[in-house]
Amino acid sequence: MHSYTLRAPAKINLFLEILGSRPDGFHELVMILQSIALADELTIRANGTDKIRLTCSDANLPSDPSNLAYRAAQLMAQNFPQAYARFGGVDIALTKNIPMAAGLAGGSADAAAVLVGLDLLWQLGLTRPELENLAAQLGSDIPFCVGGGTAIATGRGEKLAPLPDVEGLWLVLAKHRSIEVSTPWAYQTYRQQFGAQYLNDRPAQQFRTQEIHASALVHAINHRNPEQIAQALYNDLEKVVLPHQTPVAELRQVLTKAGGLGTMMSGSGPTVFTLCRDQAEAAQVKAIAAQTLNNPDVDFWLTQTVGYGIQVIP
Ligand code: C5P
């Protein structure tokens with residue numbers, strides 16, 4: 001094969017708790033991550049040169065090394081110089097469907113797809129842990145994006161423990177087109193405001209992590225109980241993003257009132273999601289929220305949870 005087309009699903013956070021600081025300057029987290037059907041698409045093709053080239057359906061997105069997908073290809077070329085010399089450079093064509101700087105790990109999913117695509121194209125036969133190790137060098141959410149599904153992520157977000165897949169739950173996503181949130185800003189602001197409350201010793205962090213492993217949310221996921229999952233949604237970053245971005249707080253309120261099982265901001269936002277009983281309820285929540293807001297700046301998506309990460313599209 002000289003080319004592969006891959007699907008790169010977005011994720012939502014069913015849970016995000018910031019435990020404390022880490023020696024590397026990042027935060028020690030416990031997250032419960034869930035893949036959703038909203039996905040980007042990438043085609044990776046051997047181009048017969050020694051260059052990595054990236055093109056993107058969205059002209060706002062950089063196609064140089066500041067794009068994570070490009071950096072993923074560079075990382076593979078550095079780590080596997082013999083394969084790079086043998087198979088040569090690649091053209092990566094990226095079709096964006098996941099909004100950017102949205103808390104949905106769109107850029108991370110694209111980078112994960114490049115790792116998986118080059119593993120196939122260069123016939124490397126990497127294992128899942130090997131791919132996740134490379135992914136962790138690029139960003140905290142990228143290891144999860146490789147395998148996707150439902151998982152507890154700890155450490156920086158790169159240490160994964162799988163949970164039973166919660167597939168087929170319908171949800172509404174909503175995001176202001178004009179609002180983007182910088183993830184470093186969200187974490188820095190959180191540190192400024194809540195740093196005094198951090199658990200900074202390892203045993204305390206480990207104890208809290210164990211508590212979350214035994215929490216009502218994990219129990220609800222194990223029993224695939226959407227009502228209980230929705231009641232246990234949680235995200236510490238709401239405490240800094242919602243007061244700073246009042247339209248997002250308003251959007252969250254409108255979605256909550258519009259129905260469904262439960263509403264939460266995903267990751268560092270500003271995307272807000274509502275879990276619903278079924279497709280019809282998701283359509284109704286979207287219709288009511290769109291009518292209440294009457295704001296052309298807000299985009300809505302109806303989507304479902306899925307049990308997969310990067311997939312090859314035949
Ligand atoms: O790893 P990633 O590039 O996604 O992280 C983006 C930023 O989010 C980091 O530069 C850091 O400011 C913040 N972050 C953090 N702790 C984490 C993950 C991310 O402080 N566990």
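The ligand takes up the space of the largest pocket. Here, a pocket is an open set of points on a 1 Å grid over the protein atoms alone, with protein on both sides within 12 Å along at least five of seven lines, and a molecule sits in one if more than half of its atoms lie within 2 Å of its grid points. The model is a predicted one, where local features need pLDDT of at least 70 and side-chain atom pairs count only at pLDDT 80 or more, while totals for chains, interfaces and linings use all residues. Residues are numbered from 1 along each chain as its sequence is written, and side-chain values use heavy atoms, with hydrogens and water left out.

Who surrounds the ligand? The shell is made of Phe26, His27, Leu29, Gly139, Ser140, Arg156, Thr183, Pro184 and Tyr187, counting residues with a heavy atom within 4 Å. By class, that comes to four nonpolar, four polar and one charged residues, with Gly counted as polar and Tyr and Pro as nonpolar. Strand S2 (27-46) and helix H6 (183-194) are the elements that give two or more residues to the shell; H6 gives the most, with three. Helices (H or I, at least four residues) and strands (E, at least two) are DSSP runs. Domain 1 (3-166 + 308-312) and domain 2 (170-304) both supply shell residues, so the ligand lies between them; the bounds come from an automatic or database domain assignment.

Most residues other than glycine have a negative phi, and most peptide bonds are trans. Yet the Gly269 to Pro270 bond is cis, with omega near 5°, and Pro270 is in the loop between strands S9 (262-265) and S10 (272-276). Ala101 has a positive phi, near 45°, in the loop between strand S4 (90-95) and helix H3 (106-121).

Conventions: 1 Å grid on protein atoms, 1.4 Å probe; cavity = no way out; pocket = protein on both sides within 12 Å on 5 of 7 lines; lining within 4 Å.
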